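Subject: Structure handover

Hello,

Please find the structure below, with my notes after it.

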Amino acid sequence: MKKWLALWIICICGGLSACVGQSTEVQTTSTTTLLPTTQATTTTQPSLLLPQGSTAKTIRKVESFPLNTDDFRLFDYQARALWLDDIVFAFANNPDQVQPSYIRDNPETWQPIGFWIDQARQPDDYDPLVSGYLKRTFGLPTYLGDNRVLSSGSEAITALAMVLSSSLMGLHMDAKTYGDTTYDMVEMMLAHYDTGSKLVHNAGVQGQSFWYDIFPQILFAKLYDLYPDTEFMREMVLNGADEWLEALPYFETDGVADYEFVGYNVTLESPTITGGHI
């Protein structure tokens, strides 16, 4: 059971690593354009690699298909991602706290999309592994017009995914400069570490949803892979891994792997078997 789950985790991490293996350095742009329409070529599709001893069958109609149609446009996903980064992090141009009202039917209230979150005080012996993250961080709505962020807080999944995707585009999210100030958006993600459960998870009670408890931990681990010098981040990644490793024996019923519950509270060592989350 433990070996099986460990292999599953390795496969996930390996897949995430492959996603960033080819990332390159790019410059941020404020506008996005689509590449011009390109005329299709008449090159036929290349033959597929077949297992030894098999016979390829040629279908004349399929072989006559061009690789591209006559009226296609290439979509510049990289330019669009950089444009999204400019829009989402535009709030950082203003060092003051400005919280949007997020009225669903009034898009004018959605600006700025993000907002600063400041802590009231920070002890002299500040240690985020013990006291939690007590520096400035930021919040984002789960979707535009989502006013739940005002009462339930920003989701770790949303913020972590945004910082990670911008990093994959080649932006240095640990040194983002707006005006005269440079911010470390990566370090700010330490705010989603829960000192009680020792997990990086969405705001709220831990153990109610695997989606809210595991996926943020995966995003955080991938972010650490890109920024291994961020202080305290390694310990938080390892603490989370240790907590789930200790939970493995509880994912069994009569010696058989059992995942028929929606969440697991690592502190109480208790599964959640009711609810609508996965």
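The notes cover the nonpolar cores, the aromatic rings and one threonine.

This is a predicted model, in which local features need pLDDT of at least 70, side-chain atom pairs count only at pLDDT 80 or more, and totals for chains, interfaces and linings use all residues. Residues are numbered from 1 along each chain as its sequence is written, and side-chain values use heavy atoms, with hydrogens and water left out.

Cores. A nonpolar core is a set of buried Ala, Val, Leu, Ile, Met, Phe, Trp, Tyr and Cys residues joined through side-chain atoms within 4.5 Å; buried means under 20% relative accessible area (1.4 Å probe, protein chains only). The largest one has 36 residues, and F89, F138 and V163 are among those with the most contacts inside it. Helix α5 (156–168) is one of the elements that give two or more residues to this core, and α5 gives the most, with 6 residues. A second, separate core of 9 residues includes F210, A247, F261 and V266.

Aromatic rings. The whole structure has 15 aromatic pairs (ring centres within 6.5 Å, taking the six-membered ring of Trp; edge-to-face means planes over 60 degrees apart). F91 and W116 pair edge-to-face, at 4.9 Å centre to centre and 75 degrees between the planes. Both are buried. F210, W244, Y250, F251, Y259, F261 and Y264 form one aromatic cluster.

T272. This residue is buried, at 13% relative accessible area. A polar atom of the T272 side chain lies 2.7 Å from the backbone oxygen of G207.

Regards

How values were computed:
Buried means under 20% relative accessible area, exposed over 50%, partly exposed in between (1.4 Å probe, protein chains only). A polar contact is a pair of N or O atoms within 3.5 Å; within protein, one must be able to donate a hydrogen and the other to accept it, and residues adjacent in sequence count only if both atoms are side-chain atoms. Helices (H or I, at least four residues) and strands (E, at least two) are DSSP runs, numbered from the N terminus. Rings of Phe, Tyr and Trp (its six-membered ring) pair if their centres lie within 6.5 Å; planes under 30 degrees apart count as stacked, over 60 as edge-to-face and the rest as tilted.
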